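Thanks for coming, everyone. Please take a look at the sequence and the fold before I start talking.

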Amino acid sequence: MNQRRKNRLILTMVALAGTGIATALVMYALRSNIDLFYTPSEIIYGKGEARLKPQPDQRLRVGGMVMPGSVKRDPHTLKVSFQLYDNSGVVNVSYEGILPDLFREGQGVVAQGVLKDSRHVLAKEVLAKHDEKYTPPEITDAMKKNPLPAASTTHQEDRP
């Protein structure tokens, strides 16, 4: 092999190695910024075939319907708490801030925040759906399987 081809091969190998290292570093840096989406029943019973549950202090997004009668507002601050439900689970959400204009009981919302314990999410952001005709498919499927439960302030018993 002549010197020119050898130099090109070395340059190509260094470029590929550099690209691989840069990609690995970016993926490592973004690993902590990934917010996984869960439904209330996936938080309680686990997600997927392996039934993996989110860990306390894990960042996540939880989507469901706001349970009627569960919205509690602090009259002196912007603190609000409510419950989200789907086909077989209910989780409590606490939030401090101004809620979206479309937020209301019976409405589909997504809360982004940190899981504090097995059924409580401390939300940093709450998003309400923007169109009357659109509901995320996961929430639609969950609502078809389970009718609107009665409002409660206690945890539901774990179902098998």
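Let me begin with a rule. A salt bridge here is a side-chain nitrogen of Lys or Arg within 4 Å of a carboxyl oxygen of Asp or Glu. By that rule, the count comes to one salt bridge. Keep in mind that this is a predicted model.

Which residues form that salt bridge? Lys116 and Asp57 do, and their closest N and O atoms are 3.4 Å apart. The pair links distant parts of the chain. Lys116 sits in strand β6, while Asp57 is in the loop between α2 and β2. How accessible are the partners? Lys116 is partly exposed, at a relative accessible area of 39%. Asp57 is exposed, at 54%.

Stay with Asp57 for a moment. Its phi is positive, about 70°, although Asp57 is not a glycine. Most residues other than glycine have a negative phi. So that one deserves a look on your screen. Arg51 also has a positive phi, near 55°, and is a residue other than glycine. Where is Arg51? In the loop between α2 and β2. Arg51 is exposed, with a relative accessible area of 51%.

Now step back to the whole chain. The chain has three helices and seven strands. Read from the N terminus, the order is α-β-α-β-β-β-β-β-β-α. There are 160 residues, and buried ones make up 32% of them. The accessible surface comes to about 10700 Å². Carbon and sulfur atoms hold 58% of that surface. What about contacts along the sequence? Take those between residues at least 6 apart in the chain: 60% join residues at least 24 apart.

Next, the strands. β6 and β7 pair in the antiparallel sense, over eight bridges. A hairpin joins β6 to β7 through two residues. β5 and β7 run parallel, and four bridges join them. Which residue of β7 is the bridge partner of Tyr95? Ala123 is. Ala123 is also the bridge partner of Gly113.

How many residues does the largest nonpolar core have? It has 21. Those with the most contacts inside the core are Ile43, Val62, Phe82, Leu84, Phe103 and Val126. Which elements supply at least two residues each? The helix is α2, residues 40–45. The strands are β2 at 59–66, β4, β5, β6 at 108–117 and β7 at 120–128.

Pick out Phe103. Leave aside residues up to four places away in sequence, and Phe103 touches Val66, Val71, Arg73, Phe82, Val109, Val126 and Ala128. Two of those names, Phe82 and Val126, are also on the list of residues with the most contacts inside the core.

Asp86 lies in the loop between β4, residues 79–85, and β5, residues 90–96. Is Asp86 buried or exposed? Buried, with a relative accessible area of 4%. The cut-off for buried is under 20%, so Asp86 qualifies. What does its side chain meet? One partner is the side chain of Ser41, in a polar contact of 2.8 Å. The side chain of Asp86 also reaches the backbone nitrogen of Gly89, at 3.1 Å.

Asp57 is exposed, whereas Asp86 is buried.

Another loop residue is Met67. Met67 lies in the loop between β2 and β3, where β3 covers residues 72–73. Met67 counts as buried, at 1% relative accessibility. Its C-alpha is 5.8 Å from the C-alpha of Gly106. In sequence, Met67 and Gly106 are 39 residues apart.

Last stop, Arg61. The place of Arg61 is in strand β2. At 32% relative accessibility, Arg61 counts as partly exposed. Thr39 is 22 residues away along the chain, and the two C-alpha atoms are separated by 8.4 Å.

Technical notes: Residues numbered from 1 in each chain as written. Predicted model: local features only at pLDDT ≥ 70, side-chain atom pairs only at ≥ 80, totals over all residues. Heavy atoms only, no water. Buried < 20%, exposed > 50% of the residue type's maximum accessible area, 1.4 Å probe, protein only. Polar contact = N/O pair within 3.5 Å; in protein donor to acceptor, adjacent residues only side chain to side chain. Core = buried A, V, L, I, M, F, W, Y, C linked by side-chain atoms within 4.5 Å. Contact = heavy atoms within 4.5 Å. Pairing = 2+ DSSP bridges. Areas by Shrake-Rupley, 256 points an atom, 1.4 Å probe, with all protein chains shown as cover.
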